[in-house]
Amino acid sequence: MLPRCFGVLGDPVAHSRSPAMHAAAFAALGLPHRYLAFHVPPAGLGAALRGAAALGFGGLNLTVPHKVEALAHCDALADEARRIGAVNTILFERGTIVGHNTDGRGFAAAARALGVGAVRSAMVLGAGGASLAVLDAIVGELLGPEGQVRWVSRDPGAPGRDRDRVARIGYAQALAGPPVELLVNTTTVGMARGPAGFPVPTEALVGALAPGAAVIDIVVPRPAGGLLDLAAAAGCAVQDGREMLLWQGVWAEELWLGRSLGPDVVGAMWAALGA
Ligand code: ATR
């Protein structure tokens, strides 16, 4: 079989664990394919996608800051990507660029593994492409019947997607209201070379949590001394971004290869994500 090329486009992207994870999957499947990280600044996204299509790439992932912008460069969108309003997985079908989203399903699986369900009050930090998939999963699968979501952004007035049961607010307002049972960080705060802190002290965010709340920081790797450490010290159930990264990657790979992955392959991918 001829090797095919896959990859992730991002800016920054050097920190990405996706190459190691997908290399482990190809090795476990006995496939000769390659998966590389490509540093693509925002202005280069369209050219990069067209180039990859022309070169016969097997598929791509998109990360910060490309997930929303990618909508404009796809020839077609899967239902999930259209509903969420962001793309994290590209499939090339006979030269056309098809946008998918496996982040929402990945987040829902990760949250369930932490025991999250029927939440009454959730808070999502950040309004970028990853937050759209997280919101979709929370509203569609994790929120209880009366549940409400605080969607927290530095710029709450920016044009956004209105959603039932979701209030887009600023950081100062976010701290008022009923105790939060699920807190998710989708911002770049804590990422390698990302901003050092949130617009409010991390202690104040942890102070807004209900006893035993679940806290998920989708950043990989987990920044030491950050949100998760503080929340764990306060008795919360915490999870970093590896679980979501794993499941979005499993479903991306299944789309590219047109087959389902067995537990041995999923186990190899998880092992590649490291501690
Ligand atoms: P993606 O679309 O892949 O999520 P992005 O649009 O670059 O990537 O998202 C970056 C995220 O980091 C945004 O959610 C942004 O939050 P805002 O809604 O407040 O703009 C968040 N972010 C970036 N710098 C931040 C900072 N200094 N403090 C808090 N959030 C920040």
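Two strands are said to pair if DSSP finds at least two bridges between them. Helices (H or I, at least four residues) and strands (E, at least two) are DSSP runs, numbered from the N terminus. This is a predicted model, in which local features need pLDDT of at least 70, side-chain atom pairs count only at pLDDT 80 or more, and totals for chains, interfaces and linings use all residues. Residues are numbered from 1 along each chain as its sequence is written, and side-chain values use heavy atoms, with hydrogens and water left out.

**View 1. Strand 3 beside strand 5.** Strand 3 (residues 59-62) is joined to strand 5 by three bridges, and the two run antiparallel. Gly-59 stands opposite Leu-91 of strand 5.

**View 2. Strand 5 and strand 6.** Five bridges pair strand 5 with strand 6 (residues 96-100) in the antiparallel sense. Across this pairing, Ile-90 stands opposite Gly-99 of strand 6.

**View 3. The hairpin turn.** Two residues lie between strand 5 and strand 6 in their hairpin, where Arg-94 takes a positive phi near 50°.

View 4. Strand 5 covers residues 89-93, and four of its five residues are buried, so the strand is largely enclosed by the rest of the structure. Buried means under 20% relative accessible area, exposed over 50%, and partly exposed in between (1.4 Å probe, protein chains only). Of the 275 residues of the protein chain, 51% count as buried.

**View 5. The chain around these strands.** The protein chain has ten helices and twelve strands. Its C-alpha trace spans about 55 × 40 × 35 Å along the principal axes.
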